[in-house]
Amino acid sequence: MIAPPGDVVTVVVAIVATAVTARHAAQIQTMYAVRIQVLIAAILVKLVVRDLVALLINVVMMAPA
């Protein structure tokens, strides 16, 4: 049985829409993944810098006058 042209167009549109949505979702997911990685890196850098500053302050305080 041959499907009417309208049904074929509907199926093709649905397939294309699904593919576009999936690609768009992947782009959004990648964007958020990068943002989260940058955020984690920034937090780690902040913690390391804070520890280094605390260490330097302790070293300066311990140094003989």
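Predicted model: local features only at pLDDT ≥ 70, side-chain atom pairs only at ≥ 80, totals over all residues.
Of the 65 residues in this chain, 0% count as buried.

What does the secondary structure come to? The chain has 1 helix and 0 strands. Its radius of gyration is 28 Å, well over the 11 Å given by the globule rule for 65 residues, so the chain is more spread out than a compact globule. The box filled by the C-alpha atoms tells you about the outline: taken along the principal axes, it is roughly 95 × 15 × 5 Å.

Now let us walk along the helix, H1, which covers residues 5-62. One stop is Thr-21, which lies in H1. Is Thr-21 buried or exposed? With a relative accessibility of 52%, Thr-21 counts as exposed, because the cut-off for that class is over 50%. The side chain of Thr-21 also reaches back to the backbone: it comes to 2.7 Å from the backbone oxygen of Ala-17. Thr-21 and Leu-52 are 31 residues apart in sequence, and their C-alpha atoms are 46 Å apart in space.

Next, look at the surface for a nonpolar patch. Which residues form it? They are Ile-28, Met-31, Tyr-32, Ile-36, Leu-39, Ile-40, Ile-43, Leu-44 and Leu-47, and together they have about 830 Å² of accessible area. Ile-40, one of these patch residues, has its place in helix H1. Its relative accessibility is 47%, so Ile-40 counts as partly exposed, a class that runs between the 20% and 50% cut-offs.

Terms used. Residues numbered from 1 in each chain as written. Heavy atoms only, no water. Helix = DSSP H or I, 4+ residues; strand = E, 2+ residues; numbered from the N terminus. Rg over C-alpha atoms; globule rule 2.2 N^0.38 Å. Buried < 20%, exposed > 50% of the residue type's maximum accessible area, 1.4 Å probe, protein only. Patch = residues over 30% accessible without salt bridge, like charges linked within 9 Å, V, L, I, M, F, W, Y side chains within 5 Å. Areas by Shrake-Rupley, 256 points an atom, 1.4 Å probe, with all protein chains shown as cover. Salt bridge = Lys/Arg side-chain N within 4 Å of Asp/Glu carboxyl O. Polar contact = N/O pair within 3.5 Å; in protein donor to acceptor, adjacent residues only side chain to side chain.
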